[in-house]
Amino acid sequence: MKRQLAVFFFLLLGMVVPARAHDCTKVVVTAHPEYPPYHWHEDGKIVGASVALTEKIFKELGVEVEARYEGPWKRVLANAQANHVDMVLALKKTEERSKFLNYTTSPIFPNPFAVFVKVTRPFDYTQWKDLLPKRGGKNAGDRYGEPFDSFARKYLELEDGFSTASNVKKLINGRIDYFIHGRYVGLAHFATIKEGDQVVALAQNINEGVIHSGFTKGSPCNMFLPYVSRRYQEMIASGEAVALLQQYVKRWSQFAQTKVKN
């Protein structure tokens, strides 16, 4: 009955319901297994803010969600390309991924990058040029989007680190003055790293990035793309999305501390 009401709802809105719409009785979602607080691998499944937000939306439609752990990130994308899942949650839009994913028109979450400093050594930062006299750090391979990437290559002294933990150590020991990382990902990671409580994010972001979700192009669940996009937009506008991210920063911290104890 809930399924019939959902289809009827779409008809009332004037949306086209595909002939195979009845095949989408369950949405199989997946995501990067190590990207808290957005999502992570726990007890054989994917959990996190992206899962919680998306489950709420599909519950409104009476459709079950299975958050499936597909393995490392490279395998996640390969399985999405092969249409083994219906949806990949909260990832960056790229031209290559657009070949096999239909992205939501609205992002699911903000994903800004921030400048992290040692709490006892803050400095004034309001624009990129304020970083010029400072020594910075980043995780090897990280990109932040144009035009900041071009600015960084040309003007900034950014030392690559092998991990978030190694960059935190450099920051604490004074080898670098700041570390660029995702704001919410950083808050989650630093809460579980030794001496991470000595790291704080400066107020101004270096950019205001976002991440979208995408339905695999072979999934019959693409019929829900307009509704999911609209609800993502409403949840960001109301503040519900960011509040959920902050909630899952704490949730990840609790989980990570349990892993350390075990």
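**Before selecting anything**

This is a predicted model, in which local features need pLDDT of at least 70 and side-chain atom pairs count only at pLDDT 80 or more, whereas totals for chains, interfaces and linings use all residues. Residues are numbered from 1 along each chain as its sequence is written, and side-chain values use heavy atoms, with hydrogens and water left out.

**Stop 1: the whole chain**

The chain has 8 helices and 14 strands; helices (H or I, at least four residues) and strands (E, at least two) are DSSP runs, numbered from the N terminus. Along its principal axes the C-alpha trace spans about 60 × 45 × 35 Å. For 262 residues, a compact globule would have a radius of gyration near 18 Å, and the 20 Å of the chain agrees with this. That radius is taken over C-alpha atoms, and the globule rule is 2.2 Å times the number of residues to the power 0.38.

Next, colour by accessibility. Buried residues make up 50% of the 262 residues, where buried means under 20% relative accessible area, exposed over 50% and partly exposed in between (1.4 Å probe, protein chains only). Of the contacts with a separation of 6 or more, 72% are between residues 24 or more positions apart; a contact means heavy atoms within 4.5 Å.

**Stop 2: colour by confidence**

Now colour by pLDDT, the predictor's confidence in each residue, from 0 to 100. The mean for the chain is 89, and 90% of its residues reach 70 or more. Confidence is lowest in helix 1, at a mean of 50, and highest in strand 7, at 98. Select residues 11-21: here the pLDDT is below 50, and the stretch has 10 contacts in the model beyond near neighbours in sequence. Where pLDDT is low, the predicted coordinates should not be read in detail.

**Stop 3: the disulfide**

Select Cys24 and Cys221 and show their side chains. They form a disulfide (a pair of cysteine sulfur atoms within 2.5 Å), with their sulfur atoms 2.0 Å apart. Cys24 lies in the loop between helix 1 (2-12) and strand 1 (26-30), and Cys221 in the loop between strand 14 (210-216) and helix 7 (225-238), so the link ties together parts that are 197 residues apart in sequence. The angle about the S-S bond is 105°, and the link is right-handed. Both Cys24 and Cys221 are buried. The structure holds 1 disulfide.

**Stop 4**

Two strands pair if DSSP finds at least two bridges between them. Select the following partners in turn:

- Strand 7 (residues 101-103) runs antiparallel to strand 14 and is joined to it by 3 bridges; Tyr103 has Gly214 as its partner.
- Strand 8 (residues 109-110) pairs with strand 14 in the antiparallel sense over 2 bridges; Pro110 is partnered by Val210.

**Stop 4: helix 7**

Gly239 follows the helix and has a positive phi, near 90°.

**Stop 5: strand 12**

Select strand 12 (residues 178-182), where 5 of 5 residues are buried. Strand 9 (residues 113-118) runs antiparallel to strand 12 and is joined to it by 4 bridges, with Ala114 opposite His181. Strand 10 (residues 135-139) runs parallel to strand 12 and is joined to it by 2 bridges; Gly136 has Tyr178 as its bridge partner.

**Stop 6: Gly196**

Finish at Gly196, in the loop between helix 6 (183-190) and strand 13 (199-207). At 4% relative accessibility, Gly196 counts as buried. Leaving aside residues up to four places away in sequence, Gly196 touches Val168 and Phe190. A distance drawn from Gly196 to Asn83 gives 39 Å, C-alpha to C-alpha, for residues that are 113 apart in sequence.
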